[in-house]
Amino acid sequence: MTSTTELFPSLAESVLAPILIGITTTERDTEVIGEVWDVAAFSVPVTSPVLKVLVGKASQPLKHSRRVITGVSVGGDYIKLAQLCDVRGDEPAAESRKRSRWMVGVRIAPDDVSRQLVGPDRTPIRVDVMGYQLQAGRVLEAQQLALFRHYVVAGFQALDPAAVVLGGQHDWRDDWWSTAQTNPQSSP
Amino acid sequence: MGISNRIATKIRTAAKTETVPLPRPYLDTGAVVAAAIVRAAASTIGQLKLGSSTFRGQDVLGIREARSTYLSTVKVSQRGLVGWSVSLGVLTVSGWTADWMVNVVVEDSPVGATVNVTTPATLTRDGTLVNKSAHGELRDLVLSGLRAGKLPAGTAELAVSKAGLAAEELEPFYALIPAQTLRTKLPVAEVHATLALVPFPVADRQPDRLRWQLGTAGALADRFAHARITDQGDVRTIELECPPQPTGSAVLDGLVARRAGALFQSVQRTIYRLDRDIEITSEPIIRQRPTAGV
């Protein structure tokens with residue numbers, strides 16, 4: 001018998017590792033996933049980094065709004081995407097997405113192994129971190145990522161207390177978000 | 001010197017294609033293993049203390065390059081379930097400037113999986129690839145991991161993850177917690193059935209009142225928002241409120257405010273799906289901004 005850890009990464013403390021969630025199958029699975037996703041995205045607090053932007057030939061500091069933007073994955077393997085982006089004013093979302101710090105996707109995993117892992121009569125839902133940045137030995141904006149993942153799992157568990165959750169980090173501790181006195185961005 | 005450097009770079013960045021023993025079927029298990037191998041390799045490179053320069057062009061003495069060198073960033077993006085791109089560089093005012101980028105693409109076929117590793121973007125100085133050791137190490141880690149065909153130890157991934165959570169983050173925006181009133185023609189029973197789709201744990205459910213827990217961990221587990229449902233004959237009103245309890249911590253107050261806002265939005269969406277004529281009125285509760293960092 002193959003163990004779960006051989007089939008699926010059990011890195012419970014990694015904010016990058018995939019999460020596999022099994023919820024009791026209903027006709028509204030896609031609607032439920034969409035609602036949980038949008039709630040988790042909006043729940044992540046917004047911060048205000050100051051980043052330099054080009055104005056003519058000179059660069060100037062400009063306050064951005066760092067928040068989670070959701071979207072639909074057109075023609076891809078994922079139902080919905082969520083990106084932590086540095087939003088500049090009222091620009092279109094497509095522009096903000098170019099300044100993404102991390103991106104997470106959700107999909108219904110139709111494969112036999114996922115179904116086997118979550119058990120019968122459950123829909124296997126995979127949450128994958130599809131984009132991320134590392135600097136100085138750490139994941140950038142890990143707090144927002146951890147919080148988003150936590151809210152996604154908490155949302156499914158609220159709707160289905162019998163939900164099965166396997167894989168990466170999905171808990172939350174308040175002391176993970178300590179505030180910086182100065183802007184930690186090292187970008188020029 | 002320049003010519004031999006260029007030849008070495010060409011060899012170093014040459015495309016490599018080989019069959020790898022990833023678990024099959026690929027989409028069932030192989031893709032999960034391949035993604036873990038790329039994460040492990042990128043995390044290992046992400047732990048190196050590297051510098052990348054925003055300067056491009058001739059710089060004989062290297063002064064301008066040194067002046068414009070910043071801590072390198074490793075950027076990883078996944079393409080579907082078969083491709084990954086790992087890039088080392090730095091973010092500038094003009095966008096991302098890469099020292100190099102490595103693409104990893106796995107092709108699945110009935111006879112097995114094949115990996116193709118390429119280096120589509122490179123920056124060289126005097127013919128030598130910038131941060132060439134990191135490039136070589138990443139390529140080797142990806143290829144050796146895929147050749148082993150099993151989940152890696154995950155040590156580097158855990159280290160970068162824990163370090164990320166231990167780092168300081170910016171203070172969130174101060175946000176107001178609004179009180180909202182919704183008016184709907186849905187019967188009370190249908191209002192309750194619809195609100196069951198709001199993804200928050202229910203703390204208390206009464207015929208005229210519903211109380212949600214804003215979270216399941218930390219300070220949010222002790223914070224609640226509620227809905228008062230009143231039947232007014234031809235219309236039902238749903239009054240949503242999250243009583244303000246400033247904690248003195250900008251982060252905790254930010255968490256509560258966003259979470260309450262997300263709950264109210266979710267209630268609106270779920271009711272709106274069945275009643276497009278829903279009326280919404282918001283009355284923001286203005287309160288004193290707590291002292292940051294307390």
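Helix axes are lines fitted to C-alpha atoms over the stretch in contact, and the angle between two axes runs from 0 to 180 degrees between N-to-C directions. Two packed helices are described by the angle between their axes and the distance between the axes. In the predicted model considered here, the axes of helix 2 and helix 4 (residues 132-148) of chain B come within 9 Å and cross at roughly 155°. Helix 2 of chain B is therefore roughly antiparallel to helix 4 of chain B, since angles over 145 degrees are placed in that category. The crossing of helix 2 of chain B with helix 4 of chain B is right-handed. On the side of helix 2 of chain B, the contact is formed by B:Ala34, B:Ile37, B:Val38, B:Ala40, B:Ala41, B:Thr44 and B:Ile45. Helix 4 of chain B contributes B:Ala134, B:Glu137, B:Leu138, B:Leu141, B:Val142, B:Gly145 and B:Leu146. By class, the contact between helix 2 and helix 4 of chain B comprises 11 nonpolar, 2 polar and 1 charged residues.

A helix pair was also examined in chain A. The axes of helix 2 (residues 29-43) and helix 5 (residues 142-159) of chain A come within 8 Å and cross at roughly 140°. Helix 2 and helix 5 of chain A are therefore oblique to each other, and helix 2 of chain A passes helix 5 of chain A in a right-handed crossing. The residues of helix 2 of chain A that take part are A:Val32, A:Val36, A:Trp37, A:Val39, A:Ala40, A:Ala41 and A:Ser43. These meet A:Phe148, A:Tyr151, A:Val152, A:Gly155, A:Phe156 and A:Leu159 in helix 5 of chain A. The contact of helix 2 with helix 5 of chain A has 11 nonpolar and 2 polar residues, and no charged residues.

The overall architecture of each chain was then considered. Chain A contains 5 helices and 9 strands, and its elements follow the order α-β-α-β-β-β-β-α-β-α-β-β-α-β from the N terminus on. The radius of gyration of chain A is 18 Å, close to the 16 Å given by the globule rule for 188 residues, so chain A is as compact as a globular protein of that length. The C-alpha trace of chain A spans about 60 × 30 × 25 Å along its principal axes. Of the 188 residues in chain A, 49% are buried. Among contacts in chain A between residues at least 6 apart in sequence, 64% join residues at least 24 apart.

Chain B has 7 helices and 15 strands. Its radius of gyration is 27 Å, whereas a compact globule of 294 residues would have a value near 19 Å. The C-alpha trace of chain B extends over about 85 × 55 × 35 Å along its principal axes. Buried residues account for 39% of the 294 residues of chain B. For chain B, 64% of the contacts between residues at least 6 apart in sequence join residues at least 24 apart.

The contact between the two chains takes 66 residues from chain B and 63 residues from chain A. On chain B, the elements that give two or more residues to the side touching chain A are helix 2 (26-46), strand 3 (69-71), strand 4 (73-79), strand 5 (83-92), helix 5 (155-166) and helix 7 (250-274). Helix 7 of chain B gives the most to this side, with 12 residues. The residues of chain B on this side divide into 33 nonpolar, 22 polar and 11 charged.

Several local features were also identified. Most residues other than glycine have a negative phi, and most peptide bonds are trans. B:Arg24 and B:Pro25 are joined by a cis peptide bond, with omega about 0°. B:Pro25 is located in the loop between strand 1 (16-20) and helix 2 of chain B. A:Ala136, in the loop between strand 7 (122-135) and strand 8 (138-139) of chain A, has a positive phi near 55°. A:Ala136 is partly exposed, with 19 other C-beta atoms within 10 Å. B:Asn131 likewise has a positive phi, near 55°, and is placed in the loop between strand 9 (128-129) and helix 4 of chain B. B:Asn131 counts as buried because 20 C-beta neighbours lie inside 10 Å.

Finally, B:Thr122 is situated in strand 7 (residues 112-122) of chain B. B:Thr122 is partly exposed, with 18 other C-beta atoms within 10 Å. Leaving aside neighbours within four places in sequence, B:Thr122 is in contact with B:Thr9, B:Thr13, B:Trp100 and B:Leu129. B:Thr122 and B:Ala98 are 24 residues apart in sequence, and their C-alpha atoms are 7.3 Å apart in space.

Methods:
Residues numbered from 1 in each chain as written. Chains lettered and ligands numbered in written order. Predicted model: local features only at pLDDT ≥ 70, side-chain atom pairs only at ≥ 80, totals over all residues. Helix = DSSP H or I, 4+ residues; strand = E, 2+ residues; numbered from the N terminus. Rg over C-alpha atoms; globule rule 2.2 N^0.38 Å. Buried ≥ 20, exposed ≤ 12 C-beta atoms within 10 Å, placed from the backbone. Contact = placed C-beta atoms within 7 Å. Parallel < 35°, antiparallel > 145°, perpendicular 65-115°, else oblique. Left-handed = near helix turned anticlockwise from the far one by under 90°. Nonpolar A, V, L, I, M, F, W, Y, C, P; charged D, E, K, R; others polar.
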